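Hello,

Here is the structure I promised to pass on. Please have a look at it first, and then read my notes on what turned up.

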Amino acid sequence: MPEHLPVRPARPDETASGDRYQPTLDRTPARRSVFEEAGGMPFFEGLVDRFYQGVQANPELLALYPDQADLMGARHRLALFLAQYWGGPTTYNEERGHPRLYMRHMAFAIDPAARDRWLTAMRAAVGYMDPPPHVAARLLQYFDMAAEAMRNQK
Ligand code: HEM
């Protein structure tokens, strides 16, 4: 079926304008992304700022970072990645290409202790930012899963 055709006939309460449906009744609210619900870019920038304060305060965690004197690049990359992952702008991909996060973490020895140091700093940052509970739950669940997925050492 050509793409511009509606997938079902118009209901009486709908009018077709060109190739676009314009429902006038019975409108379901658009689902908001976690990115929006969290508060957009300022939320992810704040989260990552707080996270890197935690990294800086933890010498064993900090030791993994290639440019310890200047974490600005790392902050920028993590904030853009998270914003994109949760439905925000796709600037990360434009700047860095496909995330391939596991591959990008191969250079760093991530064992369970390192994973847990990272997670502790990130959980504290989520707590500090205090997003709505359903947003906090999604973020924390994701970080648990993704931090384990980055582990590359026993
Ligand atoms: C939830 C899990 C994680 C996510 C989503 C994540 C995300 C990212 C992203 C997006 C980058 C930048 C990649 C790039 O474009 O080059 C990065 C870099 C890095 N990550 Fe992770 N990471 C995670 C877990 C970890 C863990 C568990 C560790 C170590 C304990 C770690 C250590 C690093 C280091 C050392 C870098 C290099 C910093 C830099 O970008 O200059 N990450 N991470």
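First, a term you will need: a residue is called buried if 20 or more other C-beta atoms lie within 10 Å of its own, exposed if 12 or fewer, and partly exposed in between, with C-beta atoms placed from the backbone. Please bear in mind that this is a predicted model, where local features need pLDDT of at least 70, side-chain atom pairs count only at pLDDT 80 or more, and totals for chains, interfaces and linings use all residues. Residues are numbered from 1 along each chain as its sequence is written.

The overall picture

The protein has eight helices and two strands; these are DSSP runs numbered from the N terminus, with helices being H or I of at least four residues and strands E of at least two. Starting at the N terminus, the order is β-β-α-α-α-α-α-α-α-α. Of the 154 residues, 16% are buried. Two residues are in contact if their C-beta atoms, placed from the backbone, lie within 7 Å. Among contacts with a separation of 6 or more, 64% join residues 24 or more positions apart.

A closer look at α4

In α4, the residues A79, L80, F81, L82 and A83 are buried. Their cover includes α1 (34-38), α2 (41-56) and α5 (91-96). Just after this helix, G87 takes a positive phi of about 105°.

Two loop residues

Most residues other than glycine have a negative phi. R100, in the loop between α5 and α6, is not a glycine, yet has a positive phi of about 35°. R100 counts as exposed because it has 10 C-beta neighbours inside 10 Å. D130, in the loop between α7 and α8, is not a glycine either and has a positive phi of about 50°. With 9 C-beta neighbours inside 10 Å, D130 is exposed too.

Enjoy exploring!
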